[in-house]
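Let's take a friendly walk through a protein model together. Have a look at the fold first, and then we will go through it piece by piece.

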Amino acid sequence: MGRLAFCLACLLALSGELRGGVTLVSNGQSHRVIYVSPEALPAERQAAERLQFYIKEVTGCRLPIGTSCPDGSGKAILVGPSAEARRRAGEVDWEGLGSDGIVMRTVGGDLLLAGGRPRGTLYAVYTFLEDIVGCRWWSSDESTIPSRPTLAIDDLNVTYVPKLSYRDILYADIFKSPEFMVTLRLNGTFMGLSDTWGGCRGIVGW
């Protein structure tokens, strides 16, 4: 029986090692820094701040935002397409991301959330919060934010470019909250989003 338990423990350890993954917060504690370049766009700084806010809501841990990227593995969440993020990310067609494409990638023990300019990094952060963390935004004033004192994720390697470059919905509730517009990935002229929220796409005549 002892030998069987030992074998099972080895298999579990091996499967975890093969699966990999990154622990961002453990029992409400973390040594990580959210790194954003000093040259970041307003929307990229906003992305870092919203990530900080929601990680605090989910885990109880408020990660600091810094403009100096920590050395070594497992110390950073890199937000935005900075020179450091590009260096660590490896093969990424940054030009092919356009203005709205996203990159979500674990590199060593670090997490990279970035995208095309100006909106891609915001979309990467909200995609991460929705698809990986489990946050949901239902309306301009209703959301579901999970409680997870330990936030551990599997390895990520996601690159996505929206098929539709222009996205607009004329629905009264969305105009109450620029954040809700962004969670819906709306970028049309009628949204009236400021540069802090990634701005809008123009159309001929407007």
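Two strands count as paired if DSSP finds at least two bridges between them. Helices (H or I, at least four residues) and strands (E, at least two) are themselves DSSP runs, numbered from the N terminus. By that rule, strand 4 and strand 6 are joined by three bridges and run parallel.

This is a predicted model, where local features need pLDDT of at least 70 and side-chain atom pairs count only at pLDDT 80 or more, while totals for chains, interfaces and linings use all residues. Residues are numbered from 1 along each chain as its sequence is written, and side-chain values use heavy atoms, with hydrogens and water left out.

**The overall picture**

The chain has five helices and 10 strands. Of its 206 residues, 47% count as buried; buried means under 20% relative accessible area, exposed means over 50%, and partly exposed is in between (1.4 Å probe, protein chains only). Contact means heavy atoms within 4.5 Å. Among the contacts with a separation of 6 or more, 59% are between residues 24 or more positions apart.

In which order do the six strands of the open sheet stand? The order is 3-2-4-6-5-10, and the pairing is mixed. Strand 3 (65-66) and strand 10 stand at the edges with a single partner strand each, so one side of each has no neighbour in the sheet.

| Strands | Direction | Bridges | Facing residues |
|---|---|---|---|
| Strand 2 and strand 4 | parallel | three | Ile34 and Ile77 |
| Strand 4 and strand 6 | parallel | three | Ile77 and Leu111 |
| Strand 5 and strand 10 | antiparallel | four | Val103 and Thr159 |

Strand 4 is covered on both faces: Ala76 and Leu78 on one side, and Ile77 and Val79 on the other, are all buried. Leaving out residues up to four places away in sequence, Tyr160 touches Gly101 and Ile102.

**Helices against the sheet**

Helix 4 lies across strand 4, strand 5 and strand 6, and runs at about 130° to strand 6. Such angles run from 0 to 180 degrees between N-to-C directions, with axes as lines fitted to C-alpha atoms, for helices over the stretch in contact.

How far apart are the end C-alpha atoms of helix 4? They are 18 Å apart, which agrees with the 20 Å that its 14 residues should span at 1.5 Å a residue. The expected span is 1.5 Å times one less than the number of residues. Helix 4 is mostly covered, with 12 of its 14 residues buried.

Glu130 belongs to helix 4 (residues 120-133). Glu130 counts as buried because its relative accessible area is 17%. Leaving aside neighbours within four places in sequence, Glu130 is in contact with Cys135, Arg136, Trp137, Thr183 and Arg185.

**The nonpolar cores**

A nonpolar core is a set of buried Ala, Val, Leu, Ile, Met, Phe, Trp, Tyr and Cys residues joined through side-chain atoms within 4.5 Å. The largest one has 42 residues, of which Leu51, Ile77, Leu113, Phe128 and Leu129 touch the most other members. Helix 4 gives the largest share of this core, eight residues. A second, separate core of 12 residues includes Ala85, Leu97, Leu112 and Ala114.

**Some backbone details**

Pro118 sits in the loop between strand 6 and helix 4, and a cis peptide bond with omega of about 15° joins Arg117 to Pro118. Asn27, in the loop between strand 1 and strand 2, is not a glycine but has a positive phi of about 50°. Asn27 is exposed because its relative accessible area is 61%. Arg185, in the segment after helix 5, is not a glycine either and has a positive phi of about 60°. Arg185 counts as buried because its relative accessibility is 17%.
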